[in-house]
Amino acid sequence: MHSFFCDTLDYYCLNERISKSFRYIVKMKDEIDGEVLSRALDITMTRYPYLRKRIIADEKGYRLEHNPLPLVVKESDKPMTLCGQESNFHLFGLTYFRNDIFFNNVHAIFDGRGRGPLLHTLMYYYCSMRYNEQVEMSGVWLADSPVDKAEYFDPFTVPLPQPDDLLPLPPAPAKALRLEEKGLVVRSRQHLHYIRIDEKQLMSLCKSSDGTPNTILSVLMSRAVDKLHPDAEEPIVGQVYCDYRSIVGAEKSHHNMVTTLPLVYERSMRNMSLEMQNTAMRGDIMYFSDPSVLLHTVTGIKAACEAVNSLPTLQDKFNAVEQGMKTFFDQTTFAVSYSGKKSFGSCDRHIEALFPVGEPVGIGILMEVTAADGWFYIVFMQDWREDVYFNAFLKEIVGLGLDFDLLYSSEAIAPPFSLK
């Protein structure tokens, strides 16, 4: 049996054509002390021995083994190459530059929520030593606290709960409007724009229009696409990321447990008010995230993992996962990932911003959204250089009376990987 199961699809995305990885950036208000950060990570990892892993590859597939080598902390503004020599063969590692801490990881070992406990422990020890203060942080797992087996529980190794079938299953997904097929952009290296919006402004708009950050951003992006392609026949589909830990009994687990919920912008919604558009998309979220529907989705994910693991060669596994990703891309116009507001207790006063940076890897447009220090931060990542969709999105923001700051634009740089 493979030593990973629910993460199967993400592990086999680690190939020459696809590489799902992220840099989670903690922007501090003061310059990073690299020696303190290194000591903080050493202490932190005594609490998380189950995250010390390396990938071993052969012609049949991947397997995971314990990696006794130390985690790496390195001063650099470049992403760390994971799984190879630069990271001591680990699946994650830290770099830092000026005021920024970069948490580099392959998506397979943990998603945003799965990374949370480790990052909280790290920030607890870093701020304690860096500022010589007693940190107050509720729920943090410290070095001397016992490890719970639930922290590394893989829900696909046991039977899943059975859905109650109280709601009808959705129809088979249709092919979505794909932006790169419409002639306004050309696939190239991924680029990003980093903006922020006042938290009070955006939440006030959500409250007055029956919205949430997920639905507001999905509506605005859908409106922008619709105005650029008013005669397109394909539906505009925004995929919103959803954590499914609660329905499989894995609340504490670090494993990657996210799927997406499709929010379809029908052309019949074009003349609706913002409130009605938000209400429609909230209805989609409620339906697709209901346990009776979501469990069917998760059952399908487990079946896909079983099918990939049963294939005889590593190349067969790569090909199957790549085809599955292509199917997902065909059902996606853009995606939004919002994990909620993060707090690091009394460390918050030293943190200026938090935001993840990845690569859309074929999605087209991916918006990673976080909230910190009174702001919503949006990393708008795109599979092309042209800013036609980004500018149309900003036009929708301004049209609703929201202010924004464009903090910077650059090429999107996610951590590469190497199994050599």
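**View 1. Helices H5 and H6 cross in the right-handed sense.** In this predicted model, helix H5 covers residues 213–228 and helix H6 covers residues 274–289. The two pack at an angle of about 115°, and their axes are 9 Å apart. On the H5 side, the contact is made by Asn214, Thr215, Ile216, Ser218, Val219, Ser222 and Arg223. H6 contributes Leu274, Gln277, Asn278, Met281, Arg282 and Ile285. Sorted by class, the contact of H5 with H6 comprises five nonpolar, six polar and two charged residues.

**View 2. The largest nonpolar core has 75 residues.** Those touching the most other members are Tyr11, Val26, Met28, Leu51, Tyr62, Phe92 and Met123. Helix H3 (residues 112–130) gives the most to this core, namely eight residues.

**View 3. An open sheet is formed by seven strands.** The strand order is E9-E8-E10-E12-E13-E7-E14, with mixed pairing. Strand E9 (258–265) and strand E14 (405–411) are the edge strands, and each pairs on one side only. On average, neighbouring strands of this sheet are turned by 20° against each other, direction ignored.

**View 4. Strands E12 and E13 pair in the antiparallel sense.** E12 spans residues 365–372 and E13 spans residues 375–384; eight bridges join them. Val369 stands opposite Ile378 in E13. Helix H9 (residues 388–399) lies across E7, E12, E13 and E14. The helix runs at about 15° to E7.

**View 5. Phe89 has a positive phi although it is not a glycine.** Most residues other than glycine have a negative phi. The phi of Phe89 is about 70°. Phe89 lies in the loop between strand E4 (73–75) and strand E5 (92–97). Buried means under 20% relative accessible area, so Phe89, at 18% relative accessibility, counts as buried.

**View 6. Asn132 also has a positive phi and is not a glycine.** Its phi is about 50°. Asn132 lies in the loop between H3 and strand E7 (187–198). The cut-off for exposed is over 50%; because Asn132 has a relative accessible area of 72%, it is exposed. Thus Phe89 is buried, whereas Asn132 is exposed.

Conventions:
Residues numbered from 1 in each chain as written. Predicted model: local features only at pLDDT ≥ 70, side-chain atom pairs only at ≥ 80, totals over all residues. Heavy atoms only, no water. Axes fitted to C-alpha atoms, helices over the stretch in contact; angles between N-to-C directions. Helix = DSSP H or I, 4+ residues; strand = E, 2+ residues; numbered from the N terminus. Left-handed = near helix turned anticlockwise from the far one by under 90°. Contact = heavy atoms within 4.5 Å. Nonpolar A, V, L, I, M, F, W, Y, C, P; charged D, E, K, R; others polar. Core = buried A, V, L, I, M, F, W, Y, C linked by side-chain atoms within 4.5 Å. Buried < 20%, exposed > 50% of the residue type's maximum accessible area, 1.4 Å probe, protein only. Pairing = 2+ DSSP bridges.
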